Structures are given as structure tokens and as C-alpha cells.
Number of protein chains: 2
Amino acid sequence: VAHGVRLTVAYDGTDFHGFQRQPGLRTVQGALESAVERVIHGPTTTRGAGRTDAGVHAEGQIVAFATERELNARRWVQAINRYLPDDVSVRAMEPCEPEYDPRFDARDKTYRYLMLTAPIRDALLAHRVWHLNRHIRYEAPARDTLEGVQPLLDLAAMREACAVLEGTHDFRAFRAAGDTRDNTVRTMLHARLHEHWQGHPNLLAFEIRGNAFMQNMVRILAGTLVAVGSGRRSVESVRALLEPGADRRQAGETAPPQGLTLVHVTLGRRALEAASR
Amino acid sequence: VAHGVRLTVAYDGTDFHGFQRQPGLRTVQGALESAVERVIHGPTTTRGAGRTDAGVHAEGQIVAFATERELNARRWVQAINRYLPDDVSVRAMEPCEPEYDPRFDARDKTYRYLMLTAPIRDALLAHRVWHLNRHIRYEAPARDTLEGVQPLLDLAAMREACAVLEGTHDFRAFRAAGDTRDNTVRTMLHARLHEHWQGHPNLLAFEIRGNAFMQNMVRILAGTLVAVGSGRRSVESVRALLEPGADRRQAGETAPPQGLTLVHVTLGRRALEAASR
């Protein structure tokens, strides 16, 4: 009898054409399915909690599939990792229903967007950050050196804009231009800025947790926040983007993919819904 | 008239055949020289403070060259970065003598060696750590899951071994087998272990600062420390490796290159020597 396997998956998105399987392209889902097929000796179809775009990373993507093969959690993790390339790894396994679809069980997701606030790029962070070079201005004690250079970024305004995003709003202005879905109301549980991320003096992390996200939403939010921080737009204008009638052209630019990481997916929506019926 | 340019350089060593220029191979020095040549419109030869092997990273490598082109510090950094690939970047520039050779001006160097102490590998750290999988044992509350798994690593013994390394010793047992140089005495200013590096629960950083290092020295030290931590060798045996007659075969394995980063080079040896004459 078939049972379900639910995996927590991490990946470096640099060399993938995104999460979703696409014929002839290197994708995270394709790599996972190839590895799972070698473990279960048969074909498989996996379901992910969310599609991430090319270049976007994950620390806690959720992927599920059904199989008749029986292994304990440790063996599943070890076996699949053996057949995965270096840039994808399984972190944990839990059993689930065979038809389990993490997309419908996700209560909320947390994303992190990393920005490098320094005039000079950093080779060790090239694939992990948005380098804010010409997007913000820098204050320099002297024109000819880089010593003592400070980013001119209004963090207080950026934090105010984060607070504006929290709660339930219509985020239609913060989605990819081609997206035509009707329901664009989402609830953001928190939106915060962390300076000196991982002890790095010039890393700024924007972390946002919400019940659901539309395509490019976090990247457009990041682009809009940087416009606020640099003084190119007001906190008030961010508030206006959540009002009826706002559209994509009024929001900020779409920040590049490599700064984005899917950090965590909180599961259990189905159990929650069942309990409330 | 020619003057000297001294650069602080960072790189991700993953896709390089090491620092040193080699015909037909992608090297850090080769990439730097190509970029500098585009800025100065002529041929150049650079000198580095230390050669790093393929896969080894740098946060603070020092590279110098002579030129007749005059630019201020900020312009040098910006101009060279424009022509460098993503995985190398210049962080700072300072003027120096035209014949300046950072190798002879290095007072000491600091290296960091990163280890992942978890039974499951991490895709996001694949090119930055030595994954201690079979090298150490893990304690698990249950055989079938990965929850609550803890590395069995005697950190107190590893810290004792670090203390043994500090000071002036003959490090002949800690160098690549093919190395035949006569002077193998080096002074380690400090050798330390940092748990939870950058807030990561399973990252262990071995940091060592010394007046000079031989090829593979930090990697053999890291391999030997892990043998101490796992209980395969005693602190006393590390002390014995610094005694006359010890040789390479008695030390631990050479840890893989991707865990190693050249963090910092302290310059000023020539000024110091001039002052003491």
C-alpha cells in the first residue's frame, strides 16, 4: 500500500532554472524526482509547497510524494541525499498521507531577502545578495578613498514601511505584471529588517512571514523598501499601494532573485481547518 | 614613473584552479591580471601574499603590481572590479612601492577552517565547509530518526590541542608530503575553535593566526584536530607531532580545500624590520 513521504529540502538556486520541473532544464524538482526514483526503483511525481524562481534559494522547502517503499526517516534522508547533486539536500523526512500536497497544507511561509549595503561588491556573496550599488547613495569622508563610507539608508523609514505591510491587505500592486488572479488579498504576520545579518556589517535582511505570496511579491516588496530607504519614495506611498486601485507600475522595481531565500514553511493548515469544522 | 598598487582581494575558490597563474587554467591571479591589464591598457605581473589551493577561498588576500597609471583608491577598486568575474572582487586599494612584494611584507596570516558537524549535508554550505559525516560519530535518541542527533565531539580536547599549537614549534609533520624545505619552524600567534559560527548551530570554525604557513598546513591541522575531537587520537599525540623526528605520516588526514579561507594578512614586516635595524 502506498504511503506519503514529506521532505524538508534546502537548495542553492544559482544553477537551477527554478524549482518547478521543466523538460530539458535543470530544476530542483527534476533533481529531486531523479534521486527519489533511484531510491524507490520506479517513477514518481513530487509536490512542492511553493515554486521558487531561477536563482532563488531555499532552507526549508517542503516536497512530498507517494510510494510503496518503506524506510525510516533517517534512511529516507540518507538515501535521497546520496543521489542528489551538491546544491540540493534533504534535511528531514516525516510520514504523511499518500495524496498529501504541501501547497494546501501550508499555513504560512517565511522568506528572507538579503541586501549588501556597500559600494563595492563582495565575491563571497555574489549569489546570495542584491548588491545595492547605484540603488542607494553613500556618504564618504573623502572622494578618493573607500574608507569610512556609509550607506545613506533611512532604516527608520524602511521599518515603518515594514509595519505598514503587516496585517491583511490587497497586495495586487506587488505581483508579477502577467499575474491575473482575482484574489490578491494576503495576510502578513510579520515584516522585519535585520541589520548586520550573521555579524556582517553590511548585510541587511528583510524577513517576511505571510499566509501566502504571489509571484515576485517578496522581490517587489524588497525593491519598494529600498526605494523608501533611499528617499526616492515615502512610507505614505507604500500605504497607498495597498489601497484599492493601486497597480504594479506604482510599486518599486523587482529585486533580483539571488537575494531571496524561502526560509520556512509552517504546515498544519489542513489539521487546523478540520479542527475548526 | 611607475608606482605600486596594493589590493585587498576576496574570492570564492570553488571554480578556480587555485590562486597562482597557470597557462590555460582559470586561476585567481590570471583573472586579476586580465582585469588589471584592461584598466592600465598594458601587460602586468601581480604578486600575491600567499598561494591558495584550488577550492580555497579568501576574504583578505593581498595582491600588488606596478603601473604608470594614476588613479585614486576608489577608482582603482571600481575599475578593476568592473572587469573581474563575479567570484573575485577587490575590497580595497592602497599605494605602495613599485617593487612591493606582499609575500615579504606579511607579518602574519589568519586562516579559518569551517566544519559542518551534522550527519546530513547542507546544500547551502556545500562549497564552504568540510562535512564531518563519517569522520565523527553522532549520538541519537532513536535509530530511525534524525531528531535530537548530536555530534560526539570532544571540544575540550580540541581546544587543548589548539593551545598546544600556539607558540613557536617545528611543524614539519604538518606539511604536504612533497615539501622538502629545510626551515619548518613557525610561530602560531593563536589557534582557536568557535562553535555556532555565524549563528549556525552545526558550524565549527577553527581559526589560526601564524607568522607563516606551509602547503596544506592548516588543512592537516584541521584533519588532526578532528581526529582529536572524535577520540581517535590524544592531545598528547599532537604535542608529540611537534617534537623532533615527527613526520607527515603521523599527523591526521588533509582536510578538503573548500572548508578553508584566507581571512586576513597582517602587513608591515618590512617597516618593522627597518625600525629594528
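How much area is buried between chain B and chain A, and what percentage of that area do carbon and sulfur atoms give? In this predicted model, the buried area is about 2700 Å², and carbon and sulfur atoms give 51% of it. In chain B, the residues that lose the most area to chain A are B:Arg74, B:Arg121 and B:Leu124, which together make up 27% of what that side buries. The size of an interface is often given in just this way, as the accessible area lost when the parts come together. The contact can also be described by its residues: chain B brings 36 residues to it, and chain A brings 36 residues as well.

A look at the polar side of the interface comes next. Between chain B and chain A, 26 residue pairs are in polar contact, with both residues at pLDDT 80 or more. Several elements of chain B give two or more residues to the side that touches chain A, namely strand 1 (3-11), strand 3 (57-67), helix 2 (73-83) and strand 4 (88-96). Helix 2 of chain B provides the largest share of that side, with 5 residues. Sorted by class, the side of chain B that touches chain A holds 17 nonpolar, 8 polar and 11 charged residues. Charged partners also meet across the interface, where 2 salt bridges are found. One of them can be located by name: A:Arg91 pairs with B:Asp122 in a salt bridge whose closest N and O atoms lie 2.8 Å apart.

How are the two chains related? Chain B is superposed on chain A by a rotation of 180° with 0.0 Å of shift along the axis, and the RMSD is 0.0 Å. This is the relation of a two-fold axis. The same surface serves both copies, since 100% of the contact residues of chain B recur in chain A. Among the residues of chain B, B:Gln198 comes closest to the rotation axis, with its C-alpha at 2.5 Å.

In chain A, A:Gln198 sits in the loop between strand 10 (185-194) and strand 11 (203-210). A:Gln198 is not a glycine, yet its phi is positive, at about 50°. This residue is partly exposed, with a relative accessible area of 36%. In chain B, the loop between strand 10 (185-194) and strand 11 (203-210) holds B:His196. B:His196 also has a positive phi of about 50° without being a glycine, and at 46% relative accessibility B:His196 is partly exposed.

How values were computed: Residues are numbered from 1 along each chain as its sequence is written. Chains are lettered from A and ligands numbered from 1 in the order in which they are written. This is a predicted model: local features need pLDDT of at least 70, side-chain atom pairs count only at pLDDT 80 or more; totals for chains, interfaces and linings use all residues. Side-chain values use heavy atoms; hydrogens and water are left out. Contact means heavy atoms within 4.5 Å. Buried area is the accessible area (1.4 Å probe) that two parts lose on being put together, summed over both. A salt bridge is a side-chain nitrogen of Lys or Arg within 4 Å of a carboxyl oxygen of Asp or Glu. A polar contact is a pair of N or O atoms within 3.5 Å; within protein, one must be able to donate a hydrogen and the other to accept it, and residues adjacent in sequence count only if both atoms are side-chain atoms. Helices (H or I, at least four residues) and strands (E, at least two) are DSSP runs, numbered from the N terminus. Ala, Val, Leu, Ile, Met, Phe, Trp, Tyr, Cys and Pro count as nonpolar, Asp, Glu, Lys and Arg as charged, and the others, Gly among them, as polar. Copies are superposed by least squares on the C-alpha atoms of residues with pLDDT of at least 70 in both. Buried means under 20% relative accessible area, exposed over 50%, partly exposed in between (1.4 Å probe, protein chains only).
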